Amino acid sequence: MTSVNVKGLAAKKDAVQLDAHVVIVKTRWNEAVINALVTGAVDKIQECGGTTEVIEVPGSYEVVYAAKRMIEAKQRRGEKIDAVICIGCLIKGETMHFEYICEAVTQGIMKLNVEGDVPVIFGVLACMTESQALSRAGLIEGHHNHGPEWGQSALEMAAIRRMTM
Ligand code: RBF
């Protein structure tokens, strides 16, 4: 039987901005998962000829503020910034924190995209269990890391931004 790629991002090599500079905002919550995701995104971007810069925030709630400030600062200083990737990992606990943070971060990143000029990629996992988080970072055998897809998405969105300038 021919294997068909049903889930995940299809490869599209010709649609990426090759010299893009991508800022990655990563959290320190759930560090093992985050580090694997960041490595996946950075490797993909560098493989394609892009450059990266990683800044750290405590938790997912903080990624929107840091992304906004990085975009503003880079533009004010005339420094290159073609896309941002926010990488976080929320794992459901016993209280309502998960729901509130998920909602806030999702809306916050969308707001940056709708109101701003630099594309911001949504690299925030919202998992019901630790095992789901480990799987999505490629840390459980047979599962793939979503980081490279976010790297690819950043380069594609940078290309769309450039095309529409
Ligand atoms: N941040 C995450 O990135 N992932 C989490 O799973 C997560 N869970 C949290 C659970 C609770 C009960 C609290 C109080 C915070 C949590 N945070 C988490 C941190 C949050 O994103 C933020 O850093 C803090 O609330 C400070 O603004």
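**Entry 1: helix α1.** I looked up the buried residues of α1 in this predicted model. They are Val33, Ile34, Ala36, Leu37, Val38, Gly40, Ala41, Val42, Lys44 and Ile45. I noted that Lys44 is on that list. What do the buried residues of α1 pack against? I found the strands β1, β2 (51–57), β3 and β4, and the helices α4 (130–136) and α5.

I then checked the length of α1. The helix has 17 residues and reaches 24 Å from its first C-alpha to its last. That is close to the 24 Å expected at 1.5 Å a residue. After α1 comes glycine 49, with a positive phi near 100°.

**Entry 2: helix α5.** I ran the length check on α5, residues 147–163. Its 17 residues should span 24 Å at 1.5 Å a residue, and the end C-alpha atoms are 25 Å apart, so the two agree.

Next I listed its buried residues. They are Gly147, Pro148, Trp150, Gly151, Gln152, Ser153, Ala154, Leu155, Met157, Ala158 and Ala159. These pack against β1 (21–27), α1 (31–47), β3 (83–91) and β4 (120–127).

**Entry 3: glycine 147.** Why does glycine 147 count as buried? I read 27 C-beta neighbours inside 10 Å, and the cut-off for buried is 20 or more.

I looked up its contacts, leaving out residues up to four places away in sequence. Glycine 147 touches Ala36, Leu37, Val38, Thr39, Gly40 and Ala41. The C-alpha atoms of glycine 147 and alanine 41 are separated by 4.3 Å, although the two residues are 106 apart along the chain.

**Entry 4: strand β3.** Is β3 enclosed or open to the outside? Eight of its nine residues are buried, so the rest of the structure largely encloses it. I then traced its pairings. β3 pairs with β1 in the parallel sense over five bridges. Isoleucine 24 stands opposite isoleucine 85 of β3. β3 also pairs with β4 in the parallel sense, over eight bridges. There, cysteine 86 stands opposite phenylalanine 122 of β4.

**Entry 5: nonpolar core.** I asked how many residues the largest nonpolar core has. The count is 43. Those with the most contacts inside it are Ala67, Ala83, Val84, Ile85, Cys86 and Ala154. At least two residues each come from β1, α1, α2 (63–77), β3, α3, β4 and α5. The largest share is that of α1, with eight residues.

**Entry 6: ligand shell.** I turned to the 16 residues around the ligand. Trp29, Gly59, Ser60, Tyr61 and His97 come nearest. By class, I counted seven nonpolar, eight polar and one charged.

Which element gives the most to this shell? My answer is β3, with four residues. Both β3 and α3 (97–115) supply at least two residues each.

Note on methods
Residues numbered from 1 in each chain as written. Predicted model: local features only at pLDDT ≥ 70, side-chain atom pairs only at ≥ 80, totals over all residues. Expected span 1.5 Å × (residues − 1). Buried ≥ 20, exposed ≤ 12 C-beta atoms within 10 Å, placed from the backbone. Contact = placed C-beta atoms within 7 Å. Near = placed C-beta within 6 Å. Nonpolar A, V, L, I, M, F, W, Y, C, P; charged D, E, K, R; others polar. Core = buried A, V, L, I, M, F, W, Y, C linked by C-beta atoms within 7 Å. Pairing = 2+ DSSP bridges.
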